[in-house]
Amino acid sequence: MEQHLHHFIEHFGYIGIMIALAGGIIGLPVPDEVLLTYVGYNVSTGMMSYPLTLTCSFAGALLGITISYYLGIRLGSPFLHKFGPKLHITEKRIEQAKVLFTKMGPFVLFIGYFIPGIRHVSAFLAGINEYRFKKFAIFAYTGAFFWVFTFITLGRTLGRDWKMVKQYAEHYSSYLIPLLVVVAIISFFFYLKNKKALPNK
């Protein structure tokens, strides 16, 4: 896995990260959290820029989630049920996402990134349910930022131990979601505070 990610980043750089994340959110088989954490690891070694990785990753997440939203508006439920399984979006995941979305739509748009399988259909469901774009964007785009910020910062912090996140992605996502969101929010405010404290050059 690490070797494949290394070659991918070496060949495609920041633009490749953006495109891969966009495709992953739409439904392509991209290990999003693992990619983001590995990017964070590369930041820790000095091979990549922290602000640039955040910017390109955020742009990729926005692109993917916005495309999914408009696909939901244009194509509706039949498309999701017909082509979802071909994009590794199973009927079980679709039904789980529907139940969650019915109960707490805006929250799912924000937190859904942290749940593999849910982030692939949350924006599509928002489109099907005719969410106004402004309402969709407020929750989905905010969630996108905290998602990329959380995993890139985790990779940067963990360094060589970045592979620990792969275990999270495969087994423990539903248990660690609240903790990760809290860590992301606290880390973001510390980042802003430290940035303001630095003297202007």
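**How α2 and α6 meet, and what surrounds them**

Modeller: In this predicted model, helix α2 (residues 32-44) packs on helix α6 (residues 133-158) at about 50 degrees, and their axes are 6 Å apart.

Colleague: What makes α2 oblique to α6?

Modeller: Roughly parallel would need an angle under 35 degrees, and roughly perpendicular starts at 65. The angle here is about 50 degrees, so α2 counts as oblique to α6.

Colleague: And which hand does the crossing of α2 and α6 have?

Modeller: Right-handed.

Colleague: Which residues make the contact?

Modeller: On the α2 side you have D32, E33, L36, T37, G40, Y41, V43 and S44. From α6 come W147, V148, F151, I152, G155 and R156. Sorted by class, that contact has seven nonpolar, four polar and three charged residues.

Colleague: How do you know that W147 is in contact with L36?

Modeller: Contact means heavy atoms within 4.5 Å, and L36 is on the list for W147 once neighbours within four places in sequence are left aside. The list also has L21, I25, D32, E33, A61, Y113, F114 and R119.

Colleague: Which residues have the most contacts inside the largest nonpolar core?

Modeller: L36, I65, Y113, F136 and W147, in a core of 37 residues. To belong, a residue has to be buried and joined to others through side-chain atoms within 4.5 Å.

Colleague: Where does this core come from?

Modeller: At least two residues each are supplied by α1 (2-26), α2, α3 (50-83), α4 (91-111), α5 (119-128) and α6. The largest share, nine residues, is from α6.

Colleague: Why is α5 called mostly covered?

Modeller: Buried means under 20% relative accessible area, and nine of the 10 residues of α5 are buried. They are R119, H120, V121, S122, A123, F124, L125, A126 and G127. In the chain, buried residues make up 45% of the 201 residues.

Colleague: What follows α5?

Modeller: E130, with a positive phi near 60 degrees.

Colleague: How many helices and strands does the chain have?

Modeller: Seven helices and zero strands, so from the N terminus the elements run α-α-α-α-α-α-α.

Colleague: What share of the contacts with a separation of 6 or more joins residues 24 or more positions apart?

Modeller: Such pairs account for 79% of those contacts in the chain.

How values were computed
Residues are numbered from 1 along each chain as its sequence is written. This is a predicted model: local features need pLDDT of at least 70, side-chain atom pairs count only at pLDDT 80 or more; totals for chains, interfaces and linings use all residues. Side-chain values use heavy atoms; hydrogens and water are left out. Axes are lines fitted to C-alpha atoms, for helices over the stretch in contact, and angles run from 0 to 180 degrees between N-to-C directions. Helices (H or I, at least four residues) and strands (E, at least two) are DSSP runs, numbered from the N terminus. Angles under 35 degrees count as roughly parallel, over 145 as roughly antiparallel, 65 to 115 as roughly perpendicular and the rest as oblique. A crossing is left-handed if the near helix is turned anticlockwise from the far one by less than a right angle, and right-handed if clockwise. Ala, Val, Leu, Ile, Met, Phe, Trp, Tyr, Cys and Pro count as nonpolar, Asp, Glu, Lys and Arg as charged, and the others, Gly among them, as polar. Buried means under 20% relative accessible area, exposed over 50%, partly exposed in between (1.4 Å probe, protein chains only).
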